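Here are some friendly notes to read alongside the coordinates. Please have the viewer open as you go through them.

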Amino acid sequence: MGKLDGKTALVTGASRGIGQAIAELFAAEGARVVCAARTVQEGDHPLEGSLDRTVETITAAGGEATAVAANISEEPECLALVEDARAAYGPIDVLVNNAALNYYIPTVDYPTNRWVRAFKINVHAPFILSKTVLPDMTSGRGGAIVNISSGAAIGPGRGPYEDQHARGGVMYGASKAALERFTQGLAQELSAHGNITVAAISPSRVVPTPGTVFHKLVDGLDDPRGEPPLMMARAALLLATEAPDKVNGRVAYSQQILKEFGWIEDAVGRGI
């Protein structure tokens, strides 16, 4: 019996990396998974990965999934995504806000339109999608919203700075810090329901994905210093399935919370 049997999950950014791993694990645990992203077919994006591949992998393993192409930087597409998800499988039980964008450009050179677009995807879309699915959860059925954050949300603190290179991560860190504050604020607002979890999870170590390899954050998909995407997927599953009174409002790191709940024995990296 799976931890998500009979549940409907909506996962953004499910074409590759962490989002793909979450979608596959949730389906393996019995969820009907709506996989959302812009990349539908292989070759539509320079990086490897697509919705078609994710859904094919899930169905080949006996799971149930459907792909919905969506540009979640635009509110109408967020609203249409939720409606398409409901049309496919019914009310949403779990929302995973995983999709994210950054260009790793120093602030002095950062094009305003790219800054605004990144905030739309990293902050505004999680707000819009959460707001839109909440009627399903507050109707009495409960549910979970899991926001995928990053260690970049931790600022460098006050100067003087030994490391004087932000490496273009200012926007990403600021948007993820905003996402974490949104997470805990919404968790507090919904706490009276007692059966809804809103939580955020970050990797304890950098996760090798096509995106992190492209941005040279790791030295390849098999970089031993990294954390496999499945670790984040398991942490997201934990937050989506543990009792809300244990995890609502948590802003945690993958290996930290997996060890805390006994899902793994050994842990390394941030939060440990």
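1. Let me begin with one leucine. L190 counts as buried, because its relative accessibility is 8% and buried means under 20% relative accessible area, exposed over 50% and partly exposed in between (1.4 Å probe, protein chains only). This residue is placed in helix α5; helices are DSSP runs of H or I with at least four residues, strands are runs of E with at least two, and both are numbered from the N terminus.

2. Before going further, a word on the source: this is a predicted model, in which local features need pLDDT of at least 70, side-chain atom pairs count only at pLDDT 80 or more, and totals for chains, interfaces and linings use all residues. Residues are numbered from 1 along each chain as its sequence is written, and side-chain values use heavy atoms, with hydrogens and water left out.

3. Which residues does L190 touch? Leaving aside residues up to four places away in sequence, L190 touches L134, T138, I196 and V198, where contact means heavy atoms within 4.5 Å.

4. Two backbone details deserve a look. Most residues other than glycine have a negative phi, and most peptide bonds are trans. Y104, however, is not a glycine and has a positive phi of about 50°. Y104 sits in the loop between β4 (94-97) and α4 (112-141), and it is partly exposed, with a relative accessible area of 28%.

5. The other detail is a cis peptide bond between G159 and P160, with omega at about 5°. P160 belongs to the loop between β5 (143-148) and α5 (170-190).

6. Now for the whole chain. The protein has 9 helices and 7 strands, and its C-alpha trace spans about 50 × 40 × 35 Å along the principal axes.

7. Finally, burial and contacts. Of the 272 residues, 52% count as buried. Among contacts between residues at least 6 apart in sequence, 68% join residues at least 24 apart.
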